[in-house]
Amino acid sequence: MQLYKIVRYVIRDLLRSRWTYVYFAFYYLLGMVLLFINRDLSKAVITLMNIITILTPLIGTVFGVMYYYNSREFIQLLLAQPLRRDMLFSGQYIGVSLSLSLSLILGLGIPFSMYGVLYSGVIWDFAVLLVIGGFLTFIFVGLALVVALANDNRIKGFGYAIFLWLAFAVVYDGLFLLGLLYFRDYPLEKFALGGVLVNPIDLSRILILLKLDIAALMGFTGAVFKKVFGTSVGMIMAFGALLLWVWIPWQLMLWYARRKDF
Amino acid sequence: MIQIRGLTKTFGKLRVLDDLHLDIAESRVTAILGPNGSGKTTLIKSILGMVVPDKGDVWIDGTSVRGQWAYRRNISYMSQIANFPANLRVREVVDMIREIRQQPAPNMDEIVRRLGVGRFWNKQMQHLSGGMRQKVNVLLTFMFDTPIYILDEPTTGLDPLALMHLKELIVQRKAQGRTILITSHIMGFVEEMAQHVAFLVEGRLYFDGSLEELKQRTGTDTLEQSIAEIIKRNYAAV
């Protein structure tokens, strides 16, 4: 009940924020442009995958940090009320993640359904893409809130959060690839599998590729993943790992929030 | 009754509260005084659970507040800086707090009328002046009828008329037997409102007693002089 109220306030607050609409408009235009350029739904879906796995984490990170620093008054006001701290922060987390996910789903959903995705063969691929975009939004908003809670200094918080995104989205892959190259004389299957599970962005990519049934395109890790788990078990595994990835930053955020002075 | 037992809090290297023991009696106006940085606001925020103490505990009516939340139903808190979510309207903030607290607000209409909050009822918080915000703060604090009121620098930014209304509200609550805790640097205001003084110096309790006792002890006529005397003595010793 408390949680529901907070989520509602946060969403109402965000519906007034220009940024929610900027984000929505961005995805709307992106969808239009992709369809216009590709002139084909399934090609547009594949292009979209690359964009979603990089951009939703970035936007979730930036938005999460920004929201926390802008809502310090709101937090202080509510902390003096008969409310559980856990509920207040979980409510903020869910509210921000939910409205970003909605912007994503509506922003891409509208142009793609106008193009007839609902009656096409790629409807499920498209749906999985949106669900994964939602997962990544929750994960990176959670991570951003952890960073923001741990840093009272806005500039530092912003910097660390962007760095975290950069690490997951770009740096990690490079190091991973280097590792694979360097140790190529050894059996690396388990290492590769483990390496994919600890990065939600890689995990999402594999999940989408498994769904699109083009996992071999991913190269080594994708192929290993498919070989070890097969398509359906692999997908369940990957979804389970994503769920865990939502849960861990959330709990970490609550851990910080419980100990913090306001 | 609010009991503070061995409360200790450090921010970085700075020890803000240092093994503080204090009893705040019921149905009385207690002023918490002290020079800047003596730990007044940290003490208040510890009572509210906004600051998590390193050591020690706060007990309200025999129950520790550590990790609790429901007890805040019994406390109305007026924060030092009237910061509110910028893009909410006054009406929305009031509605939100009412909805969260789920308590009757019997004094709301009267306070709105007396402070003239109606004139900016539909304005967003970011468009209000500091004094207007402080009026909203007064409204949010006094619209509920709670056993405990905690006011952190309540006079800041209020015009003389609003200040008069604030004093009336405090006197009224005092007469109803509520427990009231005030911090202020305006000694005239404290002298008018409070019966009891707790004086903090560097996170420790320096003096706890009635206004008269404090004046006797420092051998001065007014509260202002005695406070100045205490601060001088302490910093002379250092």
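Two residues are in contact if their C-beta atoms, placed from the backbone, lie within 7 Å. The views below show a predicted model, in which local features need pLDDT of at least 70 and side-chain atom pairs count only at pLDDT 80 or more, while totals for chains, interfaces and linings use all residues. Residues are numbered from 1 along each chain as its sequence is written, and chains are lettered from A in the order in which they are written.

**View 1. The contact between chain A and chain B.** Chain B gives 19 residues to this contact and chain A gives 18 residues. On the side of chain B that touches chain A, the largest share, five residues, comes from H2(B); helices (H or I, at least four residues) and strands (E, at least two) are DSSP runs, numbered from the N terminus. That side of chain B divides by class into 12 nonpolar, three polar and four charged residues, where Ala, Val, Leu, Ile, Met, Phe, Trp, Tyr, Cys and Pro count as nonpolar, Asp, Glu, Lys and Arg as charged, and the others, Gly among them, as polar.

**View 2. Packing of H2(B) on H4(B).** Helix H2 (residues 90-101) and helix H4 (residues 130-142) of chain B pack at an angle of about 20 degrees, and their axes are 11 Å apart; axes are lines fitted to C-alpha atoms, for helices over the stretch in contact, and angles run from 0 to 180 degrees between N-to-C directions. The two helices H2(B) and H4(B) are therefore roughly parallel to each other, a term for angles under 35 degrees. B:Val90, B:Val93, B:Val94 and B:Ile97 in H2(B) meet B:Val136, B:Leu139 and B:Leu140 in H4(B), and the residues of this contact comprise seven nonpolar, no polar and no charged.

**View 3. The open sheet of chain B.** Six strands of chain B, in the order E6-E7-E8-E3-E9-E10, form an open sheet with mixed pairing; two strands pair if DSSP finds at least two bridges between them. Strand E6 (75-78) and strand E10 (204-210) of chain B stand at the edges with a single partner strand each, so one side of each is left without a neighbour in the sheet. From one strand to the next the twist averages 15 degrees. E6(B) pairs with strand E7 (residues 148-152) of chain B in the parallel sense over four bridges, and B:Ser76 has B:Tyr149 in E7(B) as its bridge partner.

**View 4. The hairpin of E1(B) and E2(B).** Strand E1 (residues 2-11) and strand E2 (residues 14-24) of chain B pair in the antiparallel sense over seven bridges, with B:Leu14 in E2(B) as the bridge partner of B:Phe11. Two residues lie between the strands of this hairpin, in which B:Gly12 takes a positive phi near 65 degrees.

Methods
Angles under 35 degrees count as roughly parallel, over 145 as roughly antiparallel, 65 to 115 as roughly perpendicular and the rest as oblique.
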